[in-house]
Amino acid sequence: MTDLSAHPDQQVFREHRNLLFSVAYRVLGSAADAEDAVQDAWIKWSATDRSQVADPKAYLARIVSNLALERLRSARHKRETYVGPWLPEPILTGGDASESVADAESVSMAMLVVLETLSPLERAVFVLKEVFDFSHAEIAEVVERSEAAVRQCAHRAREHVQARRPRFAADRSQQRNVTERFLAAATGGDVNALMELISPEVTLWTDGGGKVRQALRPVVGAETVAGWFAAIGTVTYQGIEPADMKAELVEINGGPGILFSGPDRVIATVTFDFGADGRIAAIHNVANPDKLQAIAGGTAYDIGTQ
């Protein structure tokens, strides 16, 4: 990564770096790809005649949005040939975003999974309009489409997301409480306690990417899912004995999640999507080691939208 501190005249880029990552990560669903897009934005910014830039923040956001869209288009084929369910790359989060329900929701694993069902263009337009409040004219400049085409695309994407991601008031303290109880029940092997916390039709998505053994299809139903997690404290996983396994509550993608690790590596993350009744409706388990590098790095990202 370029040392921006070596460029005192680039204070503007440093000021907006978190925002640029926030845009790129929501478009791409990958921390590594988002970091690369930000780095590419830095290179473009360095070569720009900045005296001609009236609004640096908007200019940089447009650059990184365009770069992220290009990367998403080229990554789409790789995701279509992925072994088992493809889940976004989880990140540790913190800072002001944890206090904003809207910011946290827009970067949740559940939302990123829904965004993955959009076309690259629809996804970029949705993120810029609904999350970052770009105007249709600004987005048209980024995606090189007419303003009318962008309006139509934004409408289509919004309807698609709303159909798959109904909104309801999220009680963050209740979510944390349920996550803490889930962790205690899973590590204690208490199937009955787990059953109380999850919806009858709960779905577990596991992403091992063919690198580690995981379910290649979604696991559905409270009994099966509860049994899966109750076994955590009794079976060796990825060569790590239960006694050497550490499970802790951390903030992942704007909400409470569980981080599993062994003596020398991060093993998996588990995050939850909650139903209107407060129970767990979906569980996202990422175990592909390639997708755990951002978590293993220990950096807590500020995913605010300002």
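A: The model is predicted, so local features need pLDDT of at least 70 and side-chain atom pairs count only at pLDDT 80 or more, while totals for chains, interfaces and linings use all residues. Residues are numbered from 1 along each chain as its sequence is written, and side-chain values use heavy atoms, with hydrogens and water left out.

Helices (H or I, at least four residues) and strands (E, at least two) are DSSP runs, numbered from the N terminus. Alanine 154 has a relative accessible area of 3% and is therefore buried; the term buried means under 20% relative accessible area, exposed means over 50%, and partly exposed lies in between (1.4 Å probe, protein chains only).

Leaving aside neighbours within four places in sequence, alanine 154 is in contact with Val125 and His136, where contact means heavy atoms within 4.5 Å. Histidine 136 is 18 residues apart from alanine 154 along the chain, and their C-alpha atoms are separated by 8.5 Å.

The chain around this residue has 12 helices and 8 strands. Of its 306 residues, 53% count as buried. Among contacts between residues at least 6 apart in sequence, 67% join residues at least 24 apart. The C-alpha atoms of the chain fill a box of roughly 65 × 45 × 35 Å, taken along the principal axes.
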